[in-house]
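Q: Could you show me how to read a sheet and a pocket, one step at a time?

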Amino acid sequence: MAISSYNALQVNGSLQSRLISHSFNHLKTSLSSTVKPFFKELQQLLPMKVDVSKTMKNTSGKMLDAVVDSLFQFVDIPSLPSQKNFLPVEEIGELVEVTCTLGEIPADFAEGVFIRNGSNPLFGGLKSAVSIFGESHNIWVEGEGMLHALYFKKDDDCGSWIISYKNRYVESETFKIETQRNKPGFLPALAGAAPAIIAAFLLNSLRFGAVIKHMSNTNVFEHSGRIYSIAENYLPQEVDILTLETICDWDVNGTWDRPFTSHPKKAPNGELVVMGTDAWKPYYVLGVISADGKKVHKVDLKFKRCVFSHDIGVTQNYNVILDHPLTLDVKRLTMGGQIMQYEKEEYARIGVMPRYGDAESVKWFEVQTNCTLHFLNCFEDANQVIVRGCRALTSVVSDPDGSLNPYEWFSKGFIFAGDHDSAEVGYLFTHLYEWRLNMLSGKVEERNLTGSEYSMDFPFINEQFTGLKHKYGYTQVIDSGASSICGMAKFGSLAKLYLEESNSTKSVEGRGEHLIKVEYHKFENNNFCSGSAFVPRNGGIEEDDGWIITFVHNEETDVTQVHIIDAQDFEGEAIAKLTLPQRVPYGFHSTFLSMPACQS
């Protein structure tokens, strides 16, 4: 029905074109007299919330709703059969007991909770909104957060494992707004026609006090005995790990008043290093939160642009900062461009900052232009700071420039056969990469650590080695064929990275590449994973003494399992597989919380 309505809007192309042109000209005329004061106001409104008086809300709320209902039509973004497991599921309710269907859980496996976050859009899926201003649409990283948790507990009497599963939405304030309305309310505001996005900015702000929804769908982390859900467009939400109930926003005792990174890093001394980026100055603020979670050292790093920086690194003594050309630019939007865009001709740099330094203390290293969304780890080695991450030459987050529709752009980007640097196909290929930053000379050495056979992302390590020198790392590996057919990333295997062992190969041009040794754990055909994490063995001595745990979905049976893999027998079969009571959509990041952390 929604698709038919959308098609009806496109029947008379010239009329539609004239309407949009007329409305755009009207909008430009209006903006010419109001854009400066509007954006001065918007600068105050956009970062976190809009302080709209109760009186205005009461008197104008219904009128604004009527404006949106008359001018905008929400349309379901159609999905392909191959995208079925990206679609949302319902909350399952109470805990459901799970049995081990293959193998057995080791006796010395840790008691605790394996919990993963991911997008689970309300009202059936992601949306677009069509109006006389044009079309705007959600992008693949949007959608309300849903937590999926698997609980591991030993029976005190017989020592057998009791395993149970539960899922639940993260109930942010914007989630409550839409569920109370029982229909879509927020206009998509990250991609689409510039006039439609500007209209969405203004109308969402006036109606709901926020430009976009507080998604809280990306990661889960622990600090000072408390558990938080996070996406970087807002504050973290504290959750009760046993019930998955959302408790409240966390603003560090009122000291943090801006967005919060999806990948905070716990330094070796227990402090939590965070950052928040914003479309308005200050563009990038770094914070160091005390180990008890009560105090924060906050620094404006005085960036000249707003970067969509998704990760931050730590070493024993330093914070490691990414400044790459995936940018958010309101001025570009007002000129008809995209709010978020990867600018491949612009600069990239990495900053190294003493833990409690300021903007002037950061030592910047110019690096080759790239888009790195995830660090593997950072550490100090003599006079160098070593930074490792998953590096690409374009962004998988930003919307295409309009030359192709989104599906075509992603589909071609995931075709990895041949030249990955091609402008035609394979441009979403991601290598594990290393930057060696010399703190004395200021020089940079950078290189690929993995070759051109497999693209990999979503890296993780034994978190006991965060910020320290380490031997091993792990990533999820993209299935090129399945991802190209689907137009979205699917991960058909896992990789174990031997960071101190060489595996020299010849490149296509014949020059030697000093690559690292990599082992692969491959899933069965049409099985794909998400939310992988390392679980250290209790009392383990070696860094890789433990297990990899991950959600694996079988697209042929539509059944989701959790696989447990011995990290020291990585290419062998999973030692245990647990079948879940309902499918778990593909998602983002996870963590394993040991029982003491859960109980606190």
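A: Strands (E, at least two residues) and helices (H or I, at least four) are DSSP runs, numbered from the N terminus, and two strands pair if DSSP finds at least two bridges between them. This is a predicted model, where local features need pLDDT of at least 70, side-chain atom pairs count only at pLDDT 80 or more, and totals for chains, interfaces and linings use all residues. Residues are numbered from 1 along each chain as its sequence is written, and side-chain values use heavy atoms, without hydrogens and water.

Q: Which residue in β6 is the bridge partner of S131?

A: Strands of a sheet pair through backbone hydrogen bonds, either parallel or antiparallel. Here, S131 is bridged to G134 in β6. Strands β5 (residues 127-131) and β6 (residues 134-137) pair in the antiparallel sense over four bridges.

Q: In what order do the four strands of the open sheet stand?

A: The order is β1-β5-β6-β9, with antiparallel pairing. β1 (73-76) and β9 (191-192) each have a single partner strand, so one side of each is left without a neighbour in the sheet.

Q: How is the second largest pocket lined?

A: On a 1 Å grid over the protein atoms alone, a pocket is an open set of points where a 1.4 Å probe fits, with protein on both sides within 12 Å along at least five of seven lines; lining residues have an atom within 4 Å of a point. In this case 45 residues line the pocket, and I461, E463, T466, T591 and F592 lie nearest its centre. β35 gives the largest share of the lining, six residues.
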